[in-house]
Amino acid sequence: MFEKVNGKVVSVDIGRSGPIVARRGAMLFYTGNVYFQPHQVAGASGGMGGMAGRMMSGEHESTMIAQGQGVVHYGFRGIEIQIIDVGAVGGMIRVEVSRTLAYTSNLQASIVSVASQGGGGGGGLLRSMRSAAAGAMTGQGMFTTQLSGPGQVVILGHGGVFELPVSPDRPPVTVDPQAYVGAAGPVNTTLRSTVSWRNVGRTGGEAMQLECAGQGVVYVQASEEKL
C-alpha cells in the first residue's frame, strides 16, 4: 500500500489500495485520474465533556479522501514520516490528530479524547476541561485519531519516530507530552502534573508528564517541536 519515497514523503497507488484518507494539505502531487472530497471522521466521544474539550483545545480534524485510479504522493511540512501496519501492532492504534498524515480507508476511524483513554480522575466535564487546558499549555493535543482493523497509517514526527514497549511487568513509560505521538494496543495514558493546576504554564515542560501503562507500544518523536 503506502511506499516510502524518502524519509518525508510516501506514495500510494489508489487503484490497488482503495480510497485513502489524509489530512487536508498533505497531498503533494498525483498522476492518473484521482479525485478528492472532504471526509468527516467520527467526532470525539464523551458527550458534553468531549465538546468542551474540543472547544478549549481548538483542534480541528479536517481530512480529505482520495479515490479513483492513480498514484498520490503525501507529505507535510517536510516532517519525517513512519508507516505502521495496524494489524501487526494488535489491530488498534491511537495517534494524535496533528500527527496523523494518512491512512487506508478500510480502517475504522474515530476521534477520541485523552480523557477516554484512562487518563486523569474526576467527572467527565471537569476532566475534559482539565485535559484540554493541560494540552493547550503543554503543547500536547487532547484528541487523538483512533484506528482499528487491518490497514496502514502514516504518522508524522519531528526528527523521526521511535517505539517504546509497554507491558504490565515493566514500570510505566513516562513521556514529555510534546514528544508523544501515539500508542498501539491497550495502553492507558494519564496526564500528570507535578505542580498545582494554578501553576501550570509557569514552569518548564517537565511539570506535565504523560504516563503510559498497559500492553503495547508508545510512539515518541525525537523532538519537542509542535506541529
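Tyr 30 counts as partly exposed because its relative accessibility is 35% (buried is under 20% relative accessible area, exposed over 50%, partly exposed in between, with a 1.4 Å probe and protein chains only). Tyr 30 sits in strand S4, residues 27-39 (strands are DSSP E runs of at least two residues, numbered from the N terminus). Together with Met 27, Leu 28 and Phe 29, Tyr 30 makes up a nonpolar surface patch with about 360 Å² of accessible area. Members of such a patch have over 30% relative accessible area and no salt bridge, and nonpolar side chains are joined within 5 Å; the areas are Shrake-Rupley values with a 1.4 Å probe.

Bear in mind that this is a predicted model, where local features need pLDDT of at least 70, side-chain atom pairs count only at pLDDT 80 or more, and totals for chains, interfaces and linings use all residues. Residues are numbered from 1 along each chain as its sequence is written, and side-chain values use heavy atoms, leaving out hydrogens and water.

On to charges: the count is 1 salt bridge (a Lys or Arg side-chain nitrogen within 4 Å of an Asp or Glu carboxyl oxygen). Asp 13 and Arg 16 form a salt bridge, with 3.7 Å between the closest N and O atoms.

| Residue | Relative accessibility | Class |
|---|---|---|
| Asp 13 | 27% | partly exposed |
| Arg 16 | 77% | exposed |

Then there's an open antiparallel sheet of 3 strands, ordered S13-S16-S15 (strands pair if DSSP finds at least two bridges between them). S13 (173-175) and S15 (187-193) are the edge strands, each with a single partner, so one side of each has no neighbour in the sheet. S15 and S16 (residues 208-214) run antiparallel and are joined by 7 bridges; Thr 190 has Glu 211 in S16 as its bridge partner.

Technical notes
Patches are made of residues with over 30% relative accessible area and no salt bridge: like charges are joined within 9 Å, nonpolar side chains (Val, Leu, Ile, Met, Phe, Trp, Tyr) within 5 Å. Helices (H or I, at least four residues) and strands (E, at least two) are DSSP runs, numbered from the N terminus.
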